[in-house]
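Open the model in your viewer and keep the selection tool at hand. The stops below say what to select next and what is there.

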Amino acid sequence: MKFTELKNYISSGEGRIYLLQGEDAYFLTKGEQMIKKAYLQMPELNFASFEGETLKGGAITRLTDALSAFPFMSEYRVVRVTEFYPSDSDYEKYLKSFFADFPASAVLIIVNSQTKKGVADLKRKSGIAYVDCGKADEEEVTRWIYLTLKRSGIAASAEVCMNIVRYCLCNMSRVSIETQKIIEYKGGGGTLTQTEADELVFKDADYRIYEMTNAVSAGNYSAFYEIADELTTRGMDAMSVLNSLFSYLRNLAIIAESSSSDAELSKLLGMKEYGVKRSREQARRLGVSRTKQLASAIYSVIASVKCGEIAQDSAYRLICSQIFFG
């Protein structure tokens with residue numbers, strides 16, 4: 001199931017073994033909190049935690065023993081195990097029959113940030129509720145913002161919610177912070193306008209560079225300078241803007257010419273997969289040759305600055321002139 005489905009699944013009371021698996025730290029942490037909130041009372045007595053690395057072979061019985069222990073003055077005992085990747089043979093020997101007759105008073109939370117080969121595929125095992133905690137796509141995060149605001153009595157259009165996602169580069173940790181900021185500002189009611197979202201939500205510097213590049217492709221000189229001025233007032237000097245713009249355009253050119261998947265390029269370039277996807281779209285609008293031309297021009301003036309041939313501010317103004325009037 002998707003993370004957004006977890007709350008309803010918990011409410012249904014169907015599951016007792018939860019596998020939270022994926023690389024998004026927010027989903028992993030929040031999912032664990034939701035399950036604990038639903039089942040755990042008196043955590044000092046009814047909660048135990050294990051590191052999966054310590055549970056190999058016969059040591060797995062430490063986990064099953066903890067789950068078999070009766071809760072103290074509570075309905076459930078909750079056990080968490082992190083990074084737990086049992087082998088197929090260990091699963092068959094120590095876990096399969098135990099999970100098939102799982103204690104009614106126990107809840108198991110498995111928190112795995114990775115997907116490993118050559119181990120038991122827990123998400124496909126009977127009785128285990130698998131929760132996808134991988135990086136969410138734009139549509140899913142947009143829906144999360146919309147529903148979270150709605151539960152707080154705040155109405156917002158899909159377009160406004162999607163723009164918040166883009167400002168945060170689809171980073172759920174950032175999205176959750178910015179959404180909470182909006183809820184506190186709105187005081188639990190009303191309609192969130194685009195103007196309010198623009199004023200409240202901090203736009204990631206990478207997103208502003210993205211907007212600068214859009215301004216270049218659109219020939220919008222005023223928008224380009226407006227964004228550049230905002231970046232410089234937030235601590236970036238002319239050289240920092242040039243370096244950021246060069247790095248962005250260089251990656252844009254690599255992505256535009258590559259046949260690799262978004263996931264592969266994400267690892268290669270150290271970018272979020274969502275950012276790679278957006279960059280592909282942008283590269284098509286700007287054009288590969290134009291992207292490479294701009295990256296080359298910016299690299300040239302950066303080199304000139306480092307050699308002492310031109311001042312930072314002069315280099316910046318020169319690039320702006322070349323971009324729009326060269």
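## First stop: an aromatic pair

Select Tyr167, which counts as buried because its relative accessibility is 5%; buried means under 20% relative accessible area, exposed over 50% and partly exposed in between, with a 1.4 Å probe and protein chains only. This is a predicted model, in which local features need pLDDT of at least 70 and side-chain atom pairs count only at pLDDT 80 or more, while totals for chains, interfaces and linings use all residues. Residues are numbered from 1 along each chain as its sequence is written, and side-chain values use heavy atoms, with hydrogens and water left out.

In the whole structure, a search finds 17 aromatic pairs. Rings of Phe, Tyr and Trp (its six-membered ring) pair if their centres lie within 6.5 Å; planes under 30 degrees apart count as stacked, over 60 as edge-to-face and the rest as tilted. Tyr167 and Tyr207 form an edge-to-face pair, 5.2 Å centre to centre with 65° between the planes. Tyr167 lies in helix 7 (residues 158-167) and Tyr207 in helix 10 (residues 205-218), so the pair ties together parts that are 40 residues apart in sequence. Helices (H or I, at least four residues) and strands (E, at least two) are DSSP runs, numbered from the N terminus.

## Second stop: a tilted pair

Now select Phe246 and Tyr299, whose rings form a tilted aromatic pair: 5.5 Å centre to centre, 40° between the planes. Phe246 belongs to helix 12 (residues 238-257) and Tyr299 to helix 15 (residues 288-306), so this pair ties together parts 53 residues apart in sequence.

Select residues 25-39, which make up helix 2. At 1.5 Å a residue, its 15 residues should span 21 Å; the expected span is 1.5 Å times one less than the number of residues. The end C-alpha atoms are 22 Å apart, which agrees.

Which residues of helix 2 are buried? They are Tyr26, Phe27, Leu28, Gly31, Glu32, Ile35 and Tyr39. To see what covers them, show the elements that include helix 1 (6-12), strand 1 (17-21), strand 3 (77-82), strand 4 (106-112), helix 6 (138-151) and helix 8 (172-186).

At the start of helix 2, look for Asp24: one of its side-chain oxygens reaches to within 3.0 Å of the backbone nitrogen of Tyr26. Then select Phe3, Tyr26, Phe27 and Trp144, which ring pairs link into a cluster.

The structure has 17 salt bridges, each a side-chain nitrogen of Lys or Arg within 4 Å of a carboxyl oxygen of Asp or Glu.

Select Lys2 and Asp132, which form a salt bridge with the closest N and O atoms 3.5 Å apart. This pair links distant parts of the chain, with Lys2 in the segment before helix 1 and Asp132 in strand 5 (residues 128-132), 130 residues apart. Lys2 counts as partly exposed at 37% relative accessibility, and Asp132 is partly exposed with a relative accessible area of 24%.

An α-helix has 3.6 residues a turn, so residues three or four places apart point the same way. Glu92 is partly exposed, with a relative accessible area of 45%, and Lys96 counts as partly exposed at 44%.

In helix 8, select Arg174 and Glu178, which are 4 residues apart, about one turn of the helix. They too meet in a salt bridge (3.3 Å, N to O), and both residues are buried. Finish this stop with Glu138, Arg166, Arg278 and Glu281, linked in a network of salt bridges.

## Last stop: Ser279 and the cysteines

Select Ser279 in helix 14 (residues 273-286). Ser279 is buried, with a relative accessible area of 4%. Leaving aside residues up to four places away in sequence, Ser279 touches Tyr248, Leu252, Ile255 and Met271; contact means heavy atoms within 4.5 Å.

How many disulfides does the structure hold? It holds 0 disulfides, a disulfide being a pair of cysteine sulfur atoms within 2.5 Å. Select Cys168 and Cys170: the sulfur of Cys168 is 9.3 Å from that of Cys170, its closest cysteine sulfur, too far for a bond. Cys168 counts as buried at 1% relative accessibility, while Cys307 counts as exposed at 58%.

Definitions and conventions:
A polar contact is a pair of N or O atoms within 3.5 Å; within protein, one must be able to donate a hydrogen and the other to accept it, and residues adjacent in sequence count only if both atoms are side-chain atoms.
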